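Me: I'm new to protein interfaces and would like to learn how to read one. Could you walk me through this one?

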Amino acid sequence: MSARDEVLARIRAAARTGAGKAGTASSPAAPSPGPRYRTRSELAGPQLLELLASRLTDYRALVHFASAATLADEIGAALQRRQARRIVVPPALRLPLPSFVTAISDTRPFLSPAGLAAVDGVVTRAAVAIAETGTIVLDGSPGQGRRAISLVPDYHLCVVDAGQVVHLVPEAVARLSAGRPLTWISGPSATSDIELERVEGVHGPRTLEVVLVSG
Amino acid sequence: MTTFLGLPGRPGRPGSRQSPSEPPHAPRGVGHLRAADPFPVAARRALADAQLRRNLSKATTTIRAKRAAVVSELPDWEELRAAGEAIKAATMADLDRYLGQLEVAVTARGGTVHWARDAIEAGNIVTALVQAAGATEVVKVKSLATDEIGLNDALAAAGIAAYETDLAELIVQLGHDRPSHILVPAIHRNRSEIRDIFLREMGDVSPDLTDDPAALAEAARQHLRRKFLSATVGISGANFGVAETGTLCVVESEGNGRMCVTLPQTLITVMGIEKVIPSWADLGVFLQLLPRSSTGERMNPYTSMWTGVTPGDGPQSVHLVLLDNGRTAALADPVGRAALHCIRCSACLNVCPVYERTGGHAYGSVYPGPIGAVLSPQLTGIEDNASLPYASSLCGACYDVCPVKINIPELLVHLRARHVEEARRTHRLPSAEAITMAAASYLLADPGRLAAAQSASRSGRLLGRRGKITALPPPLAAWTRARDAPVPPPQTFRQWWHSQHGDDRGGPAPGDRSDRSDRSDQ
Ligand code: SF4
């Protein structure tokens, strides 16, 4: 018998001897009353953005607010403060970048990991942001690019639109597509492995900067 | 490899001896599920280490406070726990179906699914995959499943170097050491010890390295970066595997997990069969329960999810190894199977008075603390980890914090009863260590009692000595008097007790306490 068939046969045998409180595989599914935990936001738009900003800041991300009119200035100011000159960007970023940066579009042939390690940072958009947890989710769409580009550089500037912000984790899960490679980011990389002292930045970008765009 | 005949298991009593029709346990001689020494012996050694106790106390106190703060933020925490428990129970009841779905979904997306009956088979599968990729080095993200099966040893035997990339795992690996906590594996090392290990083992660090945690983390970043940028094979575990979509999920903090699952061309994930969850929406529950229970954060810094192969993004050769290694044996026990619901958050370790004093090494398994005490013996067969179900004072704190509401005290008592029952039917006595542990855990549960016992007996004899049951009645009696605790079925234990002593000089046997009130975590 193949390992597959044998493991499955063991499970079926175990189900016969082991079915206890949980019921048996053959019992009819109980009618589902739907989740009793929160699945819908109770917050309005401005409150959502405030919450997201405070939760991101709590986990040491840098946060700025912008309108469509001031977005270019915010991006430029952030990159200037960072002294970033060579920036990798996803294939369809569609954001105004200042003239002092050289934007390297991540199209084929892709930059190697070593090439990505040599740039000053990355600018991406996001798929969804979760206010309650201070989380930004990237899904590899053309405005976000391959997972590697937001991983290897030491600086990540992420632009989030107000319409992408949800309150709760289940709301984010409902919006996201399982078929895409997802990266959930909540503050910069961190470790507490040495005497539980939090240290920012082991392997991912050590600085995460977020621009929240509304209006 | 034993041949499994696929016969229906007997409906027999829990604890019936393993027969050919029952799923086999994790094999001996491979992996890290069995202790070299029984718990009381190892615990006594740990208790002598004052530095270890200080480190543990500081760490568990800190994490407990963080967890409590972020749990209290959520108005629906109890609803989430109930949902987590229900999802896990439903998964176990239909495990074959969900695993089949997962296999179909992963395969449809260009991944390859492998099945491993046990640790040896899993090691062989992974080794062959690494060799097929032409690699002699792999980067690994912290994974209990691969540690359980001793994967690094299997790879080393084939001439393949496995580099642990989680900072704590790196500290453990470079220190030629064993992890002592699920979440913070190097919790037993302080900063100056870590500095010394790095200076001795890394080979490429400046001799000026200080013991500042930021400097140590920077040294690890530099040390591992070259490996990440050149690695061709990554190996991971999985926190969740979604049957509905074929999505695998790794939850982490440092970014080493992202590196391992993104940069190499080949990705091999080893996942216990119990880690499957039915639907995509279930992630909305577990991604709230896990980080808050685990690191005490609203969300961990990084979570990666991938579904088979994504052309042009990440590994183009993606493998999933589904591991049994004794899990089906646990599944066959209607009470014990709840241990398979565990999402490895480690909250139960951090609240456990026994763990706080002994640390993880004493448990002798990759799964320490309360969950280890109920999981390891089921994976190996109880006789191979017989003292672990006694490594608890049954205080119930673990049940209160468990995000999927595993009733660990009930499981402990159940496994004690199984152990005694198995011993009775095979005309053996319960091991002396197991009985000793009942007394030791009473002492371990309270610093005052422990100190009193230690000063009362400089030789440490109160904690028992192998084979010397006669030294035990006083603390054992105290345990039976003092604990308001769930108890095993009375007859077997009392029969054994009387056969040993012929009277009640040890005080009432545990079974006499019929007044226990069920703990409630509501
Ligand atoms: S048993 Fe519960 S509390 Fe303990 S590690 Fe598992 S999920 Fe966490």
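Reply: Happy to! Let's start with a rule: a salt bridge is a side-chain nitrogen of Lys or Arg within 4 Å of a carboxyl oxygen of Asp or Glu. Keep in mind that this is a predicted model.

Me: Why is the meeting of Glu73(B) and Arg55(A) called a salt bridge?

Reply: The side chains of Glu73(B) and Arg55(A) are 3.8 Å apart, N to O. The cut-off is 4 Å between such a nitrogen and oxygen, so the pair qualifies. Across the interface of chain B and chain A, the rule finds 10 salt bridges.

Me: Which helix gives the most to the side of chain B that touches chain A?

Reply: That is helix 10 of chain B (residues 213-230), which supplies 11 residues. The residues on this side of chain B divide into 49 nonpolar, 23 polar and 27 charged.

Me: How do you know that strand 9 of chain A and strand 9 of chain B pair?

Reply: Pairing needs at least two bridges, and these strands have four, so they count as paired. They are residues 182-185 of chain A and 302-307 of chain B, and they run in the antiparallel sense. Ile185(A), for instance, stands opposite Tyr302(B).

Me: What area is buried between chain B and chain A?

Reply: About 7400 Å², with carbon and sulfur atoms giving 58% of that. In chain B, Arg117(B), Arg221(B) and Arg298(B) lose the most area to chain A, together 10% of what that side buries.

Me: And how many residues are in contact?

Reply: 99 residues of chain B are in contact with 78 residues of chain A.

Note on methods: Residues are numbered from 1 along each chain as its sequence is written. Chains are lettered from A and ligands numbered from 1 in the order in which they are written. This is a predicted model: local features need pLDDT of at least 70, side-chain atom pairs count only at pLDDT 80 or more; totals for chains, interfaces and linings use all residues. Side-chain values use heavy atoms; hydrogens and water are left out. Contact means heavy atoms within 4.5 Å. Buried area is the accessible area (1.4 Å probe) that two parts lose on being put together, summed over both. Ala, Val, Leu, Ile, Met, Phe, Trp, Tyr, Cys and Pro count as nonpolar, Asp, Glu, Lys and Arg as charged, and the others, Gly among them, as polar.
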